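Thanks, everyone. Please bring up the model on your screens and keep it in view.

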Amino acid sequence: MKKEWFHGKNVLDIGCNRGHITYAIARLFSPKSIVGIDIDKKIVSMANKDLHLHLESGIIEESAKFRLERAAKLRLEGVSIYSEDRQHFPLSEYISEGPISVHNTQSQAATADPDSGLRIFPNNIVFVEHNYVPANDQLVAKQRDYFDTVVCLSVTKWIHLNYRDEGLKRFFKRIYKHLRPGGLLVLEAQPFDNYGRRKKLSDRLRANYYSIQFKPDEFDAYLLSEQIGFRQIIHESITEHECDGFKRPLKVFLK
Ligand SMILES: C[S@@+](CC[C@H](N)C(=O)[O-])C[C@H]1O[C@@H](n2cnc3c(N)ncnc32)[C@H](O)[C@@H]1O
């Protein structure tokens, strides 16, 4: 990944799981903010606990001390750190099916780099439980643009198996609408031969698997078509790794 895709930007990481990649981006590339979302409540709670640990560990940057001290104070007072932290990094619309956006707060100055004005890791991260697949087209239409970069790594297979072709298309439409003009989608879509191994999970997933007509090798054309509207693919690469499972194909689409 390239720093310029993230530096100083508002980033959304869809299907962040425990947040390892969210953390890496937040730490290495200094986004203005990064929101990691995942449908799995337990996973989001673990990611939040990790965030808590980062705040408590001595390895975080000097300037994040402010937050650490504040968290410690709150702990002494018996106040929940999570709810307090939301005031540092609030979500304006914290709802399950609709738009998500993040606003700056007064406290940003206290946790920001004095030269760049950017929040410093880990103050630039928040994790939220959220199903990114809109329930219907009306909800897609309501989505306002907010993010500069959307990251979607190893998630499309799960969306596809759970919500079929229509759900995945709605998912892509929402991503497009959620991005500002000039925004980027950093996408790693699993190939179709990777779906089959999981099709035995349940009868529903098997039925969905056999219903699929919109194959991953058609995603590029679809994303670049008038149905979605991305202008071009500006980057393509495959991670170098000895193990096939970690050779992850990455594409970046420009809105
Ligand atoms: C294979 S993991 C990918 C984790 C991470 N992006 C990575 O590349 O390492 C897929 C994640 O997508 C999440 N997910 C599946 N469906 C989702 C949905 N509808 N909305 C949000 N997250 C979803 C799963 O809970 C899971 O954590």
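First, the ground rules. This is a predicted model, where local features need pLDDT of at least 70, side-chain atom pairs count only at pLDDT 80 or more, and totals for chains, interfaces and linings use all residues. Residues are numbered from 1 along each chain as its sequence is written, and side-chain values use heavy atoms, with hydrogens and water left out.

Confidence next. pLDDT is the predictor's confidence in each residue, from 0 to 100. The chain has a mean pLDDT of 80. A pLDDT of 70 or more is reached by 74% of its residues. Residues 58–63 are below 50. Another stretch, residues 71–110, stays under 50 as well. For residues 71–110 the model has 85 contacts beyond four places in sequence, a contact being heavy atoms within 4.5 Å.

Now the ligand. Which residues come nearest to the ligand? They are Gly15, Asn17, Asp38, Asn131 and Arg248, out of 16 residues around the ligand. Around here means a heavy atom within 4 Å. Look for polar contacts, pairs of N or O atoms within 3.5 Å. A polar backbone atom of Gly15 sits 2.8 Å from a ligand nitrogen. For Ile39, a backbone N or O atom is 3.2 Å from a nitrogen atom of the ligand. Asn131 uses its side chain: an N or O atom there is 2.7 Å from a ligand nitrogen.

On to the pockets. A pocket is an open set of points on a 1 Å grid over the protein atoms alone, where a 1.4 Å probe fits, with protein on both sides within 12 Å along at least five of seven lines; lining residues have an atom within 4 Å of a point. Volume is the space filled by probe spheres set on the points.

The largest pocket has about 990 Å³. It is lined by 38 residues, with Leu153, Ser154, Val155, Trp158 and Gln190 closest to its centre. Helix H6 (156–178) is one of the elements that supply at least two lining residues. Helices here are DSSP runs of H or I, at least four residues, and strands are E runs of at least two. H6 gives the largest share, five residues.

The second largest pocket has about 390 Å³. Its lining counts 18 residues, and Met1, Ile21, Leu153, Thr239 and Leu250 lie nearest its centre. H1 and strand E6 (232–238) each give two or more. Which element gives the most to this lining? H1 does, with five residues.

Notes
A polar contact is a pair of N or O atoms within 3.5 Å; within protein, one must be able to donate a hydrogen and the other to accept it, and residues adjacent in sequence count only if both atoms are side-chain atoms.
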